[in-house]
Amino acid sequence: MPFHEMFEPDGSLRPCYDEVQKWVERTGIAGLNRRMDEAEAIFRRIGITFAVYGEGGDPERLIPFDLLPRIFTANEWRILDKGIRQRARALNAFLHDVYHRGEIVKAGIMPADIIYRNSAYLAEMADFTPPGKVYSHIVGIDIVRTGPGSFEVLEDNCRTPSGVSYMLENREIMTRMFPELFAQGMVAPVDDYPAELLKSLKEVAPPACKGDPVVVVLTPGSLNSAYYEHSFLADLMGVELVEPADLFVDNDRVWMKTTLGPKAVDVIYRRIDDEYIDPLVFRPDSLLGVPGIFSVYRNGGVTLASAPGSGIADDKAVYIYVPEMIRFYLGEEPILDNIQTWQCSKPDEMAYVLEHLHELVAKEVHGSGGYGMLIGPKASKSEVEAYAERIKANPGEFIAQPTLDLSTVPTLGPASVVGRHADFRPYCLVGKQLRLVPGGLTRVALTEGSLVVNSSQGGGVKDTWVLQD
């Protein structure tokens with residue numbers, strides 16, 4: 001049986017859930033479901049949606065929200081906090097190294113092919129150091145729990161980890177609907193995230209910036225699946241939300257068009273993929289890019305957050321080596337473990353994976369969003385066989401991991417509180433210092449027994465509470 005985070009191994013209620021249990025008993029399941037309907041109505045009215053394309057019908061979906069919080073004790077958070085910060089430091093050190101001397105390869109710790117033949121590696125970033133040596137400014141670490149004190153990292157997100165708007169809106173909804181639960185001051189706040197993000201971005205202003213840095217959020221536009229989050233964060237930070245057509249390059253600076261004339265931009269929090277950011281350097285057919293922006297970036301006229309080429313650090317083949325990165329760059333032992341992972345690029349490990357594919361989780365190295373993966377125990381014999389053929393055809397494109405006994409969190413069902421599998425994504429901000437709000441996004445698989453938590457595949461979200469001492 002998986003560890004249920006609301007209960008001790010002997011079945012008794014964990015003390016951190018005392019107030020939630022009292023609230024459930026006081027309100028009743030029917031009352032809580034009425035509150036769920038109210039919360040959904042608020043989400044719909046605010047317009048908190050994400051887009052799913054290719055399935056027909058209206059692509060705009062309301063992300064399912066679950067009313068029961070996921071809780072970490074203060075002691076649990078201290079461990080997570082240290083481990084997340086440690087990982088963010090190591091990943092940024094790795095990015096600086098691979099775009100410069102490549103010492104981790106020279107030391108024989110990582111094979112060169114995984115880095116330099118990876119599509120996420122950008123040769124155009126070689127020998128360039130961004131301000132503050134920060135490459136990944138927002139590091140989202142996906143963490144799973146397998147026991148009372150067992151936290152493991154599922155994957156790293158070093159480009160533009162999404163979902164922070166849900167973290168903030170989940171808390172806003174819970175505070176609005178249940179003020180009595182927060183009046184006691186038992187839950188650590190997360191609402192200063194936008195201010196902390198803005199501080200971090202201003203700390204990495206480029207050499208050309210001479211005054212208070214001008215920060216903007218760059219979005220591909222309203223058709224992007226995460227557009228709500230782009231506009232939400234720009235609004236909360238009090239900065240402009242811009243599209244590529246709002247920016248232009250002149251005299252080695254990036255300028256924003258305004259009603260008062262051009263205004264120099266210092267830091268761009270970009271939500272546009274690397275290949276689309278500058279048609280003069282990457283894809284010439286890109287209509288999303290700003291011509292010349294990469295040259296300005298390399299010459300110190302603007303900061304791009306996160307840096308182009310940061311994606312090499314969150315590649316699933318590179319993930320395997322993060323514990324060694326921590327030892328190599330920081331001289332420390334990893335606080336958070338990786339999940340055991342087999343590389344299909346290694347013949348002996350591929351042989352093991354093919355033999356046990358029916359009991360493993362196999363993933364595409366460059367896949368994301370829960371797509372392109374096989375959950376062996378849930379797959380049919382024909383699906384397993386077809387996936388095995390894909391692995392044989394391109395071994396280096398796949399990894400495999402054991403099917404974990406993920407913890408379950410209390411989730412509101414139609415007639416009772418049920419346990420559902422979940423993961424957790426905190427957001428570590430990297431500027432001159434590391435910042436981490438006490439909380440993050442808990443994603444929950446709303447279907448019984450499902451391990452897929454992605455919103456695009458039926459998962460939902462819930463508020464994450466970190467209890468204060």
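Because the model is predicted, local features need pLDDT of at least 70 and side-chain atom pairs count only at pLDDT 80 or more, while totals for chains, interfaces and linings use all residues. Residues are numbered from 1 along each chain as its sequence is written, and side-chain values use heavy atoms, with hydrogens and water left out.

In soluble globular proteins, nonpolar side chains tend to be buried together. A nonpolar core is taken here as a set of buried Ala, Val, Leu, Ile, Met, Phe, Trp, Tyr and Cys residues joined through side-chain atoms within 4.5 Å; buried means under 20% relative accessible area, exposed over 50%, and partly exposed in between (1.4 Å probe, protein chains only). The largest such core holds 72 residues, and Phe-94, Ile-268 and Ile-312 touch the most other members. Helix H2 (residues 74-98) supplies the largest share of this core, 9 residues; helices (H or I, at least four residues) and strands (E, at least two) are DSSP runs numbered from the N terminus. Apart from this core lies another, of 55 residues, including Leu-198, Cys-209, Ala-305 and Tyr-427. Leaving aside residues up to four places away in sequence, Phe-94 is in contact (heavy atoms within 4.5 Å) with Ile-104, Met-110, Ile-115, Ile-312, Ala-313, Val-318, Met-325 and Tyr-329.

Next comes a sheet. Its 4 strands follow the order E14-E17-E15-E16 in an open, antiparallel arrangement, where two strands pair if DSSP finds at least two bridges between them. Strands E14 (342-343) and E16 (373-375) stand at the edges with a single partner strand each, so one side of each has no neighbour in the sheet. Strand E15 (residues 360-364) is joined to strand E17 (residues 398-402) by 5 bridges, and Lys-363 has Ile-399 in E17 as its bridge partner.

Among the helices, H5 (residues 164-177) packs against H8 (residues 227-237) at about 65 degrees, with the axes 9 Å apart. Axes are lines fitted to C-alpha atoms, for helices over the stretch in contact, and angles run from 0 to 180 degrees between N-to-C directions. In this contact, Val-164, Ser-165, Leu-168 and Glu-169 of H5 meet Tyr-228, Glu-229, Phe-232, Leu-233 and Leu-236 of H8.

Finally, strand E18 (residues 408-412) has 5 of its 5 residues buried, so this strand is largely enclosed by the rest of the structure. E18 pairs with strand E19 (residues 417-425) in the antiparallel sense over 5 bridges, and a hairpin of 4 residues joins E18 to E19. Within this pairing, Pro-410 has Gly-419 in E19 as its bridge partner.
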